[in-house]
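Me: I've got a model open and I'd like to learn how to read helix packing and cores. Can you walk me through it?

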Amino acid sequence: MVTKNENSITVSASTENLALIRAFVAEQAQKNGLAEKTIDEIRLAVDEAFTNIIKHAYNFDSNKKVSLKTGMENATFWISICDEGKPYDPGTYIEPNIPNRIKEGKRGGVGVFLIKKLMDKVEYRSFGHKNEIKLIKNL
């Protein structure tokens, strides 16, 4: 497998960096010729993943860092997001009942659901003190 057009950025784990992260990912996707609708989906998935890291992995500690890397591999565009916070266990994930959440007026709790719906493949792994979520979009 050949990875090309690989680019990376590291930022503080703060919601103040959401616009920067969205712009970086959109620019990389555009450089690789992705359609605007696909770019919007990727941007939203990255936004949700980054927000989950801020909230759950780092407990809103903006002194911590998050690294993003993007690239093209064969016919896929991928985004790797790494942190050194509390690991996420995908085995604990329970898909939310969206109609019930709406009816009950509940906010939040659908980030992982959205990420999985927007991307073609989502991979989580923890190694050493690092956690990685890899978001993959088939072209």
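Reply: Glu41, Leu44, Ala45, Glu48, Ala49 and Asn52 in H2 meet Gly111, Val112, Leu114, Ile115 and Leu118 in H4; contact means heavy atoms within 4.5 Å. By class, that contact has seven nonpolar, two polar and two charged residues. This is a predicted model, where local features need pLDDT of at least 70, side-chain atom pairs count only at pLDDT 80 or more, and totals for chains, interfaces and linings use all residues. Residues are numbered from 1 along each chain as its sequence is written, and side-chain values use heavy atoms, leaving out hydrogens and water.

Me: How do H2 and H4 cross?

Reply: Two packed helices are described by the angle and the distance between their axes. Here the axes of H2 (residues 36-57) and H4 (residues 111-118) come within 9 Å and cross at roughly 150°. That makes H2 roughly antiparallel to H4 (over 145 degrees).

Me: And which residues have the most contacts inside the largest nonpolar core?

Reply: In soluble globular proteins, nonpolar side chains tend to be buried together. The largest nonpolar core here has 31 residues, and Ile42, Val46, Val66, Leu68, Ile79, Ile81 and Leu135 have the most contacts inside it. A core is a set of buried Ala, Val, Leu, Ile, Met, Phe, Trp, Tyr and Cys residues joined through side-chain atoms within 4.5 Å, with buried meaning under 20% relative accessible area (1.4 Å probe, protein chains only). H2 gives the most to this core, with nine residues.

Me: Is Asn32 buried or exposed?

Reply: Asn32 counts as buried, at 14% relative accessibility. Asn32 sits in the loop between H1 and H2.

Methods: Axes are lines fitted to C-alpha atoms, for helices over the stretch in contact, and angles run from 0 to 180 degrees between N-to-C directions. Helices (H or I, at least four residues) and strands (E, at least two) are DSSP runs, numbered from the N terminus. Angles under 35 degrees count as roughly parallel, over 145 as roughly antiparallel, 65 to 115 as roughly perpendicular and the rest as oblique. Ala, Val, Leu, Ile, Met, Phe, Trp, Tyr, Cys and Pro count as nonpolar, Asp, Glu, Lys and Arg as charged, and the others, Gly among them, as polar. Buried means under 20% relative accessible area, exposed over 50%, partly exposed in between (1.4 Å probe, protein chains only).
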